[in-house]
Amino acid sequence: MKKEKHITRYGQERGSGYTFKGWRLCLTRGGERFVRYFSDLKYGSSEASLAAAVAMRDIMLNELATEDAQSEEIFRRYRRLGNEC
């Protein structure tokens, strides 16, 4: 599996097992940070949750690449989307 920029494997362990396994998307621009977690359980597999994280990252990076992009505004909009993405 190739390494994806801005995306890392993440697992939260409690007690005897994991409470969360999935991928973490983290983007930082202009002092603003955006973090979103993509659960293997929600998406059905590690591959599917990674694909969702990569898709969101690519969409957001395209928006951030525009000359008049306001990272705070873009991050706020994607935070409001919640799990609809």
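Buried means under 20% relative accessible area, exposed over 50%, and partly exposed in between, with a 1.4 Å probe and protein chains only. The model is predicted, so local features need pLDDT of at least 70 and side-chain atom pairs count only at pLDDT 80 or more, while totals for chains, interfaces and linings use all residues. Residues are numbered from 1 along each chain as its sequence is written, and side-chain values use heavy atoms, with hydrogens and water left out.

**Exercise 1.** Classify Tyr43 and Phe38 by accessibility, and then describe the geometry of their rings.

Solution. Tyr43 has 24% relative accessibility and therefore counts as partly exposed. Phe38, at 2%, counts as buried. Rings of Phe, Tyr and Trp (its six-membered ring) pair if their centres lie within 6.5 Å, and planes under 30 degrees apart count as stacked, over 60 as edge-to-face and the rest as tilted. The ring centres of Phe38 and Tyr43 are 6.1 Å apart with their planes at 40°, so this pair is tilted.

**Exercise 2.** Count the aromatic pairs, and examine the one formed by Tyr10 and Tyr37.

Solution. The ring rule gives 5 aromatic pairs. For Tyr10 and Tyr37 the centres are 5.1 Å apart and the planes stand at 50°, so the pair is tilted. Strands (E, at least two residues) and helices (H or I, at least four) are DSSP runs, numbered from the N terminus. Because Tyr10 lies in strand E1 (residues 7-14) and Tyr37 in strand E3, the pair ties together parts that are 27 residues apart in sequence. Tyr10 counts as partly exposed at 27% relative accessibility, and Tyr37 counts as partly exposed at 37%. Ring pairs also link Phe20 with Tyr10 and Tyr37 into a cluster.
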